[in-house]
Structure formats: structure tokens, C-alpha cells
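Here's a quick briefing to read alongside the model. Have a look at the structure first, then work through the points below.

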Amino acid sequence: MLKLSLKDRETEYLLIMIRCAVTGEALPEPDAEISWDKLISLANRQQAYSLIAPVIDKSRLSEADCCRLEKFLNSELIRMIAVKSELELLSEELEEKGVRYMLLKGSLLRALYPKESMRQMSDVDILYDQSGRESLLEIMRENGYSLEAWSDNSDDFFKKPYYSFEFHRQLFFNDFGFTPDFSFVWENALPDGNSKCRLKMSDNDLYLHSVAHMYKHYILGGFGVRFLSDTYLMLKKLELDKEYIDKKLEEMELTAFEKEVRALSLAMFEGDGFTDSQIEFFNKYMSFGIFGSGIHGKELLFKNFQEEHNSDSLILYALSRYFPKKEFMVRTYPVLEKKPWLLGFYYLKRAICKTFTSFGKSRDEIKTVKKIKKQSKNTDLGE
């Protein structure tokens, strides 16, 4: 059995199950008692239900967990078929309107898995030529979609019961100073089939975007295990130009990060175990949920706060989180783009909503930051 030496048996065995599902290896028996309810909950947080479904022994599950898994798989299959049909419809109308676009992330990556259904997707991400924005808005409105949010880089549409499409005008906006220029993807894209408007991102750029997207989540709080399976399958199945990729990674200052996650993904799917540094990386950034634990994100937020305000006051930090910068408010409440005089009202609305709906989260964040502050002082004192 693959020895990972992680913090608990359920995490280790979940990774072994994912490895076997992706590589086709036979699933070994667990070498210790497993809490299957805990493992199923962990798979849910990691959005890995579909990954473990082909290999899990359902006879080991409780009736409730078995029903839970089956219900999810059935609904996910129905959703996948429906969304694929909806995408075909929208593609035809984008073609008619002459709007250039290309699919992103999961819509492309799922084709690399043994079965497409193994790669869960919460929404469909599409990069489009922003000169066609008015046509896009018309298409989505006529097809019953509401514009749920828009920002510097994307328009997010939703239609009941579960159709969610994110149309990106650019791939990144400023997240803690990380704003790589990905305009080159248009230059390298190729026609997708006979379509004049639908393009296909090159394998090299798909890999680069995946690494950059992973890094964005890394600096904001961490990322989940599914990113590692995506990385592994891209390394094994895409035709990648190492010289081109290395050059772009260096330009984006992602060389060290990519090397680390590449080694981690290969260790997970082909190796005999993790190194001590890989175990530390995994436990710190990937322990909880699809986007990690969030601890690193809190460290970064507090560090930025300290630098900006020249203060480590927890009260001032809490106020800055309740009343963030105007740029954040505009991204969160797009109505402020056209009605900036409502900023005060939305600050009040945000404060009231956070108090009554997210007070527990806010309290836990302050506790976490308090620990970070204490650890930082101990480090400075050499303890």
C-alpha cells in the first residue's frame, strides 16, 4: 500500500482510492480501521465523490452513506448531460453572433479522465472576446439566464435548476498582486472543429492556466486534491513543450511553485510515498475542502493589513474585514458601478449580513488571526 504518513487514515485512504481510480491500479484493502462516514464527508469536501465512485466498495458503507453517494452520482450524471446539451445550444448562438470564445478548466480537463463523469464541475468557465459582450448578454437573456455577478474580468450567469456559466473577459484580475497576463492564449488557440468562433486552448496554455489558477487559490488559502489529479493527467496525456512552459513560468514567477506541485502530483500517483516537505505542504494547504484550509489565506490577509496600516490591532483588522476597500465592494455588489452613491448603504448591508449570517465565521477568523499574531511574535523573539 502507498505510504503517505498524513494526519489521519481516512485522508490517506481517500488519496489511495483516487490514485487507483485515475491510474487503474487495484485498490488495496485498508491496513487499519477506517471511519467510512468520515471518509465520505472528506470526499464531499474535496469534491471527489465522482473520483472514488468507480473503486469504492459500497458494502463497507452505511445505508445512509451509500444512498448519499448514489443520489449524488445520479444527480451529477443528469446535470452533466443537461449542461452539455445547454452548452451546445449556447455555442450555436455564439457562432451565429460571431462571438469568439474558448472553453476553460474542467470542461477540457474532464476529457483526460478515464471517464468524463469522474471530474466534477460546479460551473462552466468560458473565455470570450469582450468585444462581443453585448451579443453575449442578449443571448443569455433570451435563454432565460440572469446575470448574477460581473466584475473586471467576468460575467456570471445562472438559470434554474443548476445551469451556471462564467464568461471571462480576461483570466485574472488583481488578487494580492498576482495578475499574470494570459492574452497570449488567443494567439496560440486553434479552431475547435469546423467552428469559426469556437477556439481550443493549446495544451501548453491549458497547463499554464491550470498552474496559475492553482497558485491563485494557493495564495488565497490553499487548494484541494483534485488539482493534483488534473496536474498528473495533463503531464501524462498532453503534448507539452517544456521549453515554452518553463519560459512562461519564469515570466510569471511560478517556477518553484510548479516544480513543487508537479513533484507532489507524481508522488501521489506514481510514487511510494511523500517526502517530509510534501507531507507538510499537503497538510498545510490541502487538508480541508477543494480550496484548502484557508489558514495561509488568513496569514496573507493579516500580513497585507499590517503592511498597509502599520498596525497589528485585531479591532482595526476586524473593521477592515467588515468594511473592505471600495474596489472589493464594487466586485461584490456590481450595482455600485452605475450607482456609486449607494456605497454607504451596501457597507451597512454587508455589516448587518455578516453579523447575522457569518458571525461565527468572523469570530473564528479573528481567533485564527490572533494565533497567527502570537506565533509571529514568538518567532520574532526566537522562541
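Let's start with a helix pair: α4 and α6 cross in a right-handed way (the near helix is turned clockwise from the far one by less than a right angle). This is a predicted model, where local features need pLDDT of at least 70, side-chain atom pairs count only at pLDDT 80 or more, and totals for chains, interfaces and linings use all residues. Residues are numbered from 1 along each chain as its sequence is written, and side-chain values use heavy atoms, leaving out hydrogens and water.

**Helix packing**
- α4 and α6 (residues 133-142) pack at about 145°, with axes 10 Å apart; axes are lines fitted to C-alpha atoms over the stretch in contact, and angles run from 0 to 180 degrees between N-to-C directions.
- On the α4 side, Leu90, Glu93, Leu94 and Lys97 meet α6 residues including Leu136 and Ile139 (contact means heavy atoms within 4.5 Å).
- That contact has five nonpolar, one polar and three charged residues.

**Second largest pocket**
- Its lining has 23 residues, with Leu103, Ser107, Leu108, Arg110 and Arg198 nearest the centre.
- A pocket here is an open set of points on a 1 Å grid, where a 1.4 Å probe fits, with protein on both sides within 12 Å along at least five of seven lines; lining residues have an atom within 4 Å of a point.
- α4 gives the most to this lining, with six residues.

**Ser210**
- Ser210 sits in helix α8 and is buried, at 8% relative accessible area (buried means under 20%, using a 1.4 Å probe and protein chains only).
- Ser210 and Phe227 are 17 residues apart in sequence and 8.3 Å apart in space, C-alpha to C-alpha.

Note on methods: Helix = DSSP H or I, 4+ residues; strand = E, 2+ residues; numbered from the N terminus. Nonpolar A, V, L, I, M, F, W, Y, C, P; charged D, E, K, R; others polar. Buried < 20%, exposed > 50% of the residue type's maximum accessible area, 1.4 Å probe, protein only.
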